[in-house]
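Hello,

Here is the structure we talked about. Please open it alongside this email. My notes follow below.

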Amino acid sequence: MTISRRNFLAGAMLAVSMFASGGASADTKLVLSSWLPPRHPLVMGAIKPWAKQVDKVTEGRVTVRVLTKPLGAPPAHFDMAKDGVADITYGLHSFTKDDRFLRSRIGQFSFLGKSATEISKNFWTIYGGQLEAAKEHEGTKLLGLFTHGPGVLLSKDYHFDSPDRFQGFKLRTPGGYPADLMSGVGATTLFMSSGEVYEKLTRGVIDGICMAMDSVRAFKLDKHITDVMTVPGGLYNTSWFLVMNQAKWDGISDEDKTAIMSVSGEAFSELAGKAWDDADAKGLTSTKKAGITVYAADEAVLGKILDVSAGVEKLWIEAVEAQGYDAAAALASMQTVKPNK
């Protein structure tokens, strides 16, 4: 055997050995399907910065390309990651109409906190930890959990000074707990994604929306909203996921998996929460500048919300405890601003 042939075989054997041990791998290029507008605060303040962080901590071995147009409808995004249509997706748990994310509802209830950062970090700790969120996201690698800021009720020509005012009120919700709560207080709820809100509101299909405080500014609703009602700790919230296709994750080296998780998990919860909080602060300023009335729910309205929410919480606690989890304790830990009746 010639020296050159021996060198070739030795090199080939070394390459195979390194590949098998995870010591070397080709660069990984991932695609993230993003369905929010490209300039949305969450995309600009969390999704794109996180993608840059992944590139940095893996020293360019793993890159994430954030698409400007989604690969499917918003409600399909979890299954798109699970089925490999996209490598990475984000979305709302409530967009999925079955009960696969039952335990995620802990991030949708009323009275969860004063800021998106606080609530999101608690959500990662409690749902991601003691309620074992990863098991509800089987088929994907769970990279992040977060919520928006305390949810508010935005309305056109409706001021809620009495629980009776909810009757006949047509309201957009993101599904899940917000839909149960608002139908419970007497409103007529319609499910739709945030991108549909402007058209439905301006056409009179809906009279109001459940969204975060940033929405007047983010969706250009300043000429179509007259009132915004707030509740301590949030009227409701929305729970969100950031996930990667499991096979794609499994193909990444252990070194890069560790690096990616250093900027994911709780770190991503904080990043996303801060993006929402910054957007809410700007949204509140824009809302007041537009002459829109911002007011706190009065005692009677808040009492109605407490009554209805307690019933919905009870059903959730029973369902989750049937799965073997201490749901009551978990919810008590999440609700940091729950008022007394």
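The largest cavity holds about 170 Å³ of space. Keep in mind that this is a predicted model.

Who lines the largest cavity? The lining has 19 residues. Nearest the centre lie His-148, Ser-194, Met-211, Trp-240 and Trp-276. By class, the lining has 12 nonpolar residues, 5 polar and 2 charged.

On the general idea: a probe the size of a water molecule, rolled over the atoms, shows where empty space is left.

Now the sheet. It is open and has 5 strands, in the order S2-S1-S3-S10-S4. The pairing is mixed. Strands S2 (62-66) and S4 (140-147) are the edges, and each pairs on one side only. Neighbouring strands are turned by 20 degrees against each other on average, direction ignored.

Take one pair in detail. Strand S1 (residues 28-33) runs parallel to S2, and the two pair over 5 bridges. Val-31 has Arg-65 in S2 as its bridge partner.

Two helices to look at next. Helix H2 (residues 41-57) packs on the sheet. H2 touches S1, S2, S4, strand S3 (88-92) and strand S10 (239-245). The direction of H2 makes about 155 degrees with that of S2.

Helix H10 (residues 254-262) also packs on the sheet, and its contacts are with S2 and S4. The direction of H10 makes about 10 degrees with that of S4.

Best wishes

Notes: Residues numbered from 1 in each chain as written. Predicted model: local features only at pLDDT ≥ 70, side-chain atom pairs only at ≥ 80, totals over all residues. Heavy atoms only, no water. 1 Å grid on protein atoms, 1.4 Å probe; cavity = no way out; pocket = protein on both sides within 12 Å on 5 of 7 lines; lining within 4 Å. Points joined across faces, edges and corners; volume = space filled by probe spheres on them. Nonpolar A, V, L, I, M, F, W, Y, C, P; charged D, E, K, R; others polar. Pairing = 2+ DSSP bridges. Helix = DSSP H or I, 4+ residues; strand = E, 2+ residues; numbered from the N terminus. Axes fitted to C-alpha atoms, helices over the stretch in contact; angles between N-to-C directions. Contact = heavy atoms within 4.5 Å.
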